[in-house]
Amino acid sequence: MAGTSTETSGLDRILTLEIARVTERAAVAAARLRGRGDEMAADQVAVDAMRQELNRLPIDGTVVIGEGERDEAPMLYIGEEVGTRDGAKVDIALDPLEGTTICAKNLPNSLAVIAIAEKGSLLYAPDVYMEKIAIGPGYPANTVSLDASPTENIHAVARAKGVSVAEVTACILDRPRHARLIEEVRATGAAIRLIGDGDVAGVIHTTDPDETGIDIYIGIGGAPEGVLAAAALRCIGGQMQGRLQLNTEEKIARAAKMGISDPHRLYTMEDMARGDVLFAATGVTDGNMLQGVRFTRDAIITHTIVMRSSSRTVREIKARHQDLAKFD
């Protein structure tokens, strides 16, 4: 579906620039609380700012990946309707502050992130864990798989890249649940980049290993972040698989309410994000991919990446905002 033309898509081309304003506003709000140790406050101001800007967009949008499920989040919950309601019907996946802990500690790679797709194109995933594996573009199809072992996947990437295993670097969330995974990957001779949070950025980093030094992302993180990462890869290129961790009856029941009948299903990138997809991310803190928000005496400077799957267009927007009142 990546070849969907802009003429037949329900997404207006103007949205590729309009969604940049959505992530910019959320990023600026969160950046004001960088390094202040209050994760909840930083997340809340980002949510408020993103919701306000979303409701200015000429769309009839439904949040399918949000800050929580209905009645569990004050706003931008799964199922919430946003936009002016007089435009194209779209699905929205968002994370107003990807990496809340990162922002609170002023560490690298905190982002404001959103994806917009044609109605019915994004996986309606409950707020549970998801096992994920991802690599960037340029590899043969099915190079990696969640049905293979971490050792097999590391060796497969090395072969496809034409390098020794020692030249492969895997990105893994630094969590106790990954102790065995980390041990197995290190036993192959590959290097590991451990990250404390922000696995959307971790997945996206696989698309430019020369710049980021990351070849493969492996591990268990949030399902909402998995859908957002899949949306980004649809625009840039790459391979990704995910499997929801529905390990209790309560989680299985929640997933069933969202139309997921097979709790063990393996989702491909295209299963998670189909059709024409727009993706935008603005840096909150400095990172490998984006610079964080800068505050000067007379301006606010933001760094945003905006991508579209149908055209495979990737835009970098470094904006200098001199109308400071619009961010108050």
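Which residues of β9 lie on one side and which on the other, and are they buried or exposed? Gln239, Gln241 and Arg243 lie on one side and Met240, Gly242 and Leu244 on the other, and all are buried. The views below show a predicted model, in which local features need pLDDT of at least 70 and side-chain atom pairs count only at pLDDT 80 or more, while totals for chains, interfaces and linings use all residues. Residues are numbered from 1 along each chain as its sequence is written, and side-chain values use heavy atoms, with hydrogens and water left out.

View 1. Strand β9 spans residues 239–244; six of its six residues are buried, so the strand is largely enclosed by the rest of the structure. Buried means under 20% relative accessible area, exposed means over 50%, and partly exposed lies in between (1.4 Å probe, protein chains only). Strands (E, at least two residues) and helices (H or I, at least four) are DSSP runs, numbered from the N terminus. Strand β5 (residues 129–135) pairs with β9 in the antiparallel sense over six bridges. Two strands count as paired if DSSP finds at least two bridges between them.

**View 2. The open sheet of six strands.** The strand order is β7-β6-β8-β5-β9-β10, and the pairing is mixed. β7 and β10 are the edge strands, each pairing on one side only. Strands of a sheet pair through backbone hydrogen bonds, either parallel or antiparallel.

View 3. β11 pairs with β4 (residues 111–118) in the antiparallel sense over seven bridges, and Ala280 of β11 is the bridge partner of Ile114. Five bridges join β11 to β13 (residues 300–308), and these two strands run antiparallel. Ile305 of β13 is the bridge partner of Ala281.

**View 4. The two sides of helix α5.** Helix α5 covers residues 179–188, and its buried residues are Leu181, Ile182, Val185 and Thr188. They cover an arc of only 120° around the axis, which puts them on the same side of α5. The arc is that of the directions from the helix axis to the C-beta atoms. The buried residues pack against α4 (150–161), β6 (169–173), β7 (191–195) and β8 (216–222), where contact means heavy atoms within 4.5 Å. Arg180, Glu183 and Ala187 are exposed on the face turned away from the buried side.

**View 5. The salt bridge between Asp60 and Arg85.** The structure holds 17 salt bridges, each defined as a side-chain nitrogen of Lys or Arg within 4 Å of a carboxyl oxygen of Asp or Glu. In the bridge between Asp60 and Arg85, the closest N and O atoms are 2.7 Å apart. Asp60 lies in β1 (residues 59–65) and Arg85 in the loop between β2 (81–82) and β3 (88–98), so the pair ties together parts that are 25 residues apart in sequence. Asp60 is buried, at 12% relative accessible area, whereas Arg85 is partly exposed, at 34%.

**View 6. The salt bridge between Arg243 and Asp147.** The closest N and O atoms of this pair are 2.9 Å apart. Arg243 in β9 and Asp147 in the loop between β5 and α4 are 96 residues apart, so the pair links distant parts of the chain. Arg243 is buried, with 16% relative accessibility, and Asp147 is exposed, with 63%.

**View 7. Arg234 in helix α8.** Arg234 is found in α8 (residues 223–236). Although buried, Arg234 has no salt bridge, and the nearest side chain of opposite charge, Glu270, is 5.0 Å away. A polar atom of the Arg234 side chain lies 3.1 Å from the backbone oxygen of Gly275.

Conventions. Lys and Arg count as positive and Asp and Glu as negative; His and the chain ends are not counted. A polar contact is a pair of N or O atoms within 3.5 Å; within protein, one must be able to donate a hydrogen and the other to accept it, and residues adjacent in sequence count only if both atoms are side-chain atoms.
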